[in-house]
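Dear colleague,

I am handing over the structure below, and after it I set out what was found. Please read the notes with the model open beside them.

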Amino acid sequence: MKDELSTSGMRLTCPHCSLPAIGTLAKLGLGWARQVPCRACGLRITVAPLPAVATMLPCALVVLAVSLRWLRDPATMVLAGVLSFVCMCVLYLWAVPLVKAQLTDASAVARARGNLGQGANPPD
Ligand SMILES: [Zn+2]
């Protein structure tokens, strides 16, 4: 229940079957060039490329600021680096949608939903 609450705003739902597709760490490790199977229906999913690239802008800005010597103080550099990384992770989880990486197979979706209905996820 607690886990459900903390992940409720995250976009971890499968675009094929609308069931929870991957965990938070799995999503963070999923780049826009990679595809993984949904753990409910098994169909391949990935992250939307443009939003995924956009989440890297804060990090890119910090790199730019350091390389152009706008940021010179090492402590500020580290702080900016950590903040931009945290910012990227948060954006990646909440703002980047999962998209289909293959055509939806209706029978796989029906199987995934059927398994759920038969008590794969018992309510408690
Ligand atoms: Zn799915």
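Before the helix packing is described, a word on method: axes are lines fitted to C-alpha atoms, for helices over the stretch in contact, and angles run from 0 to 180 degrees between N-to-C directions. Helices (H or I, at least four residues) and strands (E, at least two) are DSSP runs, numbered from the N terminus. This is a predicted model, in which local features need pLDDT of at least 70 and side-chain atom pairs count only at pLDDT 80 or more, while totals for chains, interfaces and linings use all residues. Residues are numbered from 1 along each chain as its sequence is written.

The chain as a whole

The chain holds 6 helices and 3 strands, and along the sequence these follow the pattern α-α-β-β-α-α-α-β-α. Of its 124 residues, 15% count as buried, where buried stands for 20 or more other C-beta atoms within 10 Å of the residue's own, exposed for 12 or fewer, and partly exposed for what lies in between, with C-beta atoms placed from the backbone. Among the contacts with a separation of 6 or more, 61% are between residues 24 or more positions apart; two residues are in contact if their C-beta atoms, placed from the backbone, lie within 7 Å.

The helix pair α4 and α5

The axes of helix α4 (residues 57-67) and helix α5 (residues 74-95) come within 8 Å and cross at roughly 160°. That makes α4 roughly antiparallel to α5, given that angles under 35 degrees count as roughly parallel, over 145 as roughly antiparallel, 65 to 115 as roughly perpendicular and the rest as oblique. The crossing of α4 past α5 is left-handed, a term used if the near helix is turned anticlockwise from the far one by less than a right angle, with right-handed used if clockwise. On the α4 side the contact is made by Pro58, Cys59, Val62 and Val66, and on the α5 side by Met77, Ala80, Gly81, Ser84, Phe85, Cys87 and Met88. These residues divide into 9 nonpolar, 2 polar and no charged, where Ala, Val, Leu, Ile, Met, Phe, Trp, Tyr, Cys and Pro count as nonpolar, Asp, Glu, Lys and Arg as charged, and the others, Gly among them, as polar.

Val66, in helix α4, is partly exposed, with 16 other C-beta atoms within 10 Å. Leaving aside its neighbours within four places in sequence, Val66 is in contact with Leu71 and Met77, and its C-alpha atom is 9.9 Å from that of Thr76, which is 10 residues away in sequence. In the loop between α4 and α5 lies Arg69, a residue other than glycine with a positive phi near 65°; Arg69 is exposed, with 7 other C-beta atoms within 10 Å.

The sheet

The strands form an open sheet of 3 strands in the order β1-β2-β3, with antiparallel pairing. β1 (36-37) and β3 (98-100) stand at the edges, each with a single partner strand, so one side of each is left without a neighbour in the sheet; two strands pair if DSSP finds at least two bridges between them. Antiparallel β1 and β2 are paired over 2 bridges, with Val36 opposite Ile45 in β2, and the two strands form a hairpin with 6 residues between them, in whose turn Gly42 has a positive phi of about 85°. Strand β2 (residues 44-47) is joined to the antiparallel β3 by 3 bridges, and Thr46 stands opposite Val99 in β3.

In strand β3, Lys100 is partly exposed, with 15 other C-beta atoms within 10 Å. Not counting residues up to four places away in sequence, Lys100 touches Pro15, His16 and Ile45, and its C-alpha atom is separated by 9.1 Å from that of Gln35, 65 residues apart along the chain.

One further loop residue

Ser18 has its place in the loop between α1 (2-6) and α2 (24-28). Although Ser18 is not a glycine, its phi is positive, at about 65°, and Ser18 is partly exposed, with 13 other C-beta atoms within 10 Å.
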